[in-house]
Amino acid sequence: MSETARLMDMLKASAAKRVPYAQPLHLTALDPLQDPSVIAVQKRQTDKFQVAIPNTFLECLQFIAEGKPLPAPPAEPLGEEFQPHLNAAIDTLNNITVKTLFTAAMAGRLPALSTSDLPAASSSEASATASPARGSAMLNSIFKSVRVPEFKYRWQFWAEKGQQQPPPKTASTTAGAEEYANRPKPLGDQIVSVKDFYQHFNNIPVESLKLRDSIHLFHLGVKPLWEDPRNTKGGAWYFRIGKEQAGQFWHEICLLAVGDVLQGAVETKRASFNDDICGVSYSVRWNAVQIAIWTRDADNEAGKEKLLQTILEKLSAELEPKKDSYWYKAHKEHKGFAAPE
């Protein structure tokens, strides 16, 4: 039996109790006439059929939603005053579904209609749902056809395992330099878009790095070494960050780098070559994390100051570093710097 037919039977059974449906039918509760004879009839019918008869239109819908057994058909005519309203209800239900009526009028009061024990979709039906015109297939089709904007520069992550113990005294300077130069290893593929960036970034658990381990994000073709040809004349801003804030600080610095915000800060008009952001680094220290922003030209004083100002302005307020926790240092000033020949 259809849901509409069930509802009609509910309304007819309810009308037999002399519910005042002569007034316009609304989705609001209507109290039955408290006539003793009506109550007695209701009791006899309930005892006989063990089925409660709904008093209101809402209760009729409740019966349908819960799948309760139907009450007995009324033994008396419905009456001329009820028939027009029943016809109006039939016309309404022919235009909208009972489930729509539930959603619009009884939100939160009645259980939602549901189906169960239905057979699984056949292979042909399942393949039909993969049409680009619907659902996730449509979204995938859209994303494939839309070109993801690319960064101005290409980037690459590097991983570096820190040296836990000092090199043996017998090791030569040349051998030590070679060992140091070989420590950074490329991590993943080149990064040209936000999608590429997060595919790498989300899979690099920096919080699991051990003491002196490092992760670098550098321009493609630039190695995270002081002696790299594009780094020899440069330096870096170093920030000492507490480990509880280091992850968020690193995330925001990476975004400022790939988004060219940092690059824009160091591009000042100078007679010598234009400055660049070479990369950024995350290095684990004993009780903190050291995050570095590498620049190409350590002599670009205006660029260095503007870069620092940009970093402090763009970082989230809760990440603002203390004044004694950051400094700039040229690569050639490091004790281990090996000047190229």
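In strand E7, Trp-327 stands opposite Tyr-238. The model is predicted, with local features requiring pLDDT of at least 70 and side-chain atom pairs counted only at pLDDT 80 or more, whereas totals for chains, interfaces and linings use all residues. Residues are numbered from 1 along each chain as its sequence is written, and side-chain values use heavy atoms, with hydrogens and water left out. Helices (H or I, at least four residues) and strands (E, at least two) are DSSP runs, numbered from the N terminus.

Strand E4 (residues 235–241) and E7 run antiparallel and are joined by five bridges; two strands pair if DSSP finds at least two bridges between them. In a regular strand, side chains alternate between the two faces of the sheet. The covered face of E7 (residues 326–330) comprises Tyr-326, Tyr-328 and Ala-330, while Trp-327 and Lys-329 form the uncovered one.

In helix H9 (194–201), the buried residues (under 20% relative accessible area, 1.4 Å probe, protein chains only; exposed is over 50%, partly exposed in between) include Asp-196, Phe-197, His-200 and Phe-201. Viewed down the axis of H9, its buried residues fall within an arc of 125 degrees and so line one face of the helix; the arc is that of the directions from the helix axis to the C-beta atoms. Among the elements covering these residues are strands E1 (150–160) and E2 (185–193).

Most residues other than glycine have a negative phi. Arg-212, in the loop between H9 and strand E3 (214–219), has a positive phi of about 75 degrees and is partly exposed, at 44% relative accessible area. Asp-260, in the loop between helices H10 (243–258) and H11 (261–266), likewise has a positive phi, near 65 degrees, and is partly exposed at 21% relative accessibility.

Conventions: Contact means heavy atoms within 4.5 Å.
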